[in-house]
Amino acid sequence: MKAILIIAHHCILPGAYKGFEGILDKLHHDLPGTRVASTSLLDLENDLRTLLREDVESVTLLPFLLLNGQHSKNDVPRVVAKLQEEFPQIPITLMPCLGDWKEFSDMVVDGIRNAQKETVRQSSNSTLHTSHSTSHTSNLFSIELNLEGRNVLVVGGGRIALRKVKTLLPTGAHITVVAPQIDPEFTTIPSIVLKNRPYEPLDLRGIFMVFICTDKPAVNAQVSNDARARRILVNNACDYLDGDFIVPARMDFGENIAVTVSTQGRAPSLAKKLKQKIQSEWAEGLEQVERDFLH
């Protein structure tokens, strides 16, 4: 199996990896059978070594950089040379940075032309816009996900993180909690792994899903971008728009009926009130429906 490893700058700003993720998706689609992975300049050596230990026949590296500067001229080649010595049987090809591609100037010109055309189109259509509001349509897709045996990371050690962990416990997921300060109640849960220290990017190794539950925007942004660069599902308790998914309020009735309530992440207090109303008014009826159906 051939492999491609794309190297990007490390960035903590939300949404910074949007275009980067689009390229990864296209490579996955257009090069079936090729292992496509990503890394940051900080994680290059560890991630490349991990990739070389897998069943790959060759690795192609693409520095997702515009300028041919210190990173592309010195830092990256040094890491590649070191690992090529460690794994001489696997060819490693280092491509030039994007700014040195002969096709890059044409891409820039085409992009500017398209932007100019779009500006003209928007100007001509501006008189057609109306001020009345439109109804909001959710783009969220509701599923029930099997997490049994999956590795789930919770970043944060407060009450919000504790509630997330309690929600995850029945799923059979392997839960790890990392935070410099951890609520004492966490220590009463024997089935989870506690890391009483600040978050590190290496905490995401082997993780399927991450829940961000801190009150520090810089940490939240770093975790979100680190996870996205590794194609890990993200739930951000502080900013539902930044995450890949939200967790609806769930109620179990009897052994087989589960009811969930969601306000698309925009009104948690309303979801809580609806949950209380359903639990108080529907419980007996739903449990009776289950008994009648099964018997």
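In which order do the four strands of the open sheet stand, and is their pairing parallel or antiparallel?

Modeller: The model is a predicted one. In the open sheet, the four strands follow the order β2-β1-β3-β4, and they pair in the parallel sense. The edge positions belong to β2, residues 35-40, and β4, residues 92-94; each has a single partner strand, so one side of each lacks a neighbour in the sheet. On average, and with direction ignored, neighbouring strands of this sheet are turned by 20 degrees against each other.

Strand β1 covers residues 2-8, and six parallel bridges join it to β2. Alanine 8 has serine 40 of β2 standing opposite.

A helix accompanies the sheet. Helix α3, formed by residues 70-86, lies across β1, β3 and β4, where β3 comprises residues 58-63. Relative to β4, helix α3 runs at about 170 degrees.

Of the 295 residues in the chain, 34% are buried. Among contacts in the chain with a separation of 6 or more, 61% are between residues 24 or more positions apart. The accessible surface of the chain amounts to about 18,500 Å², and carbon and sulfur atoms account for 55% of this area.

The loop between α4 (104-125) and β5 (151-155) contains isoleucine 143. This residue counts as exposed because its relative accessibility is 55%, and the cut-off for that class is over 50%. Together with Phe141, Leu145 and Leu233, Ile143 forms a nonpolar surface patch, whose accessible area is about 430 Å² in total.

The other loop connects α6 (217-229) and β9 (233-236), and arginine 231 is located there. Arginine 231 is not a glycine, yet its phi is positive, at about 60 degrees. With a relative accessible area of 43%, arginine 231 is classed as partly exposed.

Notes
Residues numbered from 1 in each chain as written. Predicted model: local features only at pLDDT ≥ 70, side-chain atom pairs only at ≥ 80, totals over all residues. Heavy atoms only, no water. Patch = residues over 30% accessible without salt bridge, like charges linked within 9 Å, V, L, I, M, F, W, Y side chains within 5 Å. Areas by Shrake-Rupley, 256 points an atom, 1.4 Å probe, with all protein chains shown as cover. Salt bridge = Lys/Arg side-chain N within 4 Å of Asp/Glu carboxyl O. Helix = DSSP H or I, 4+ residues; strand = E, 2+ residues; numbered from the N terminus. Buried < 20%, exposed > 50% of the residue type's maximum accessible area, 1.4 Å probe, protein only. Pairing = 2+ DSSP bridges. Axes fitted to C-alpha atoms, helices over the stretch in contact; angles between N-to-C directions. Contact = heavy atoms within 4.5 Å.
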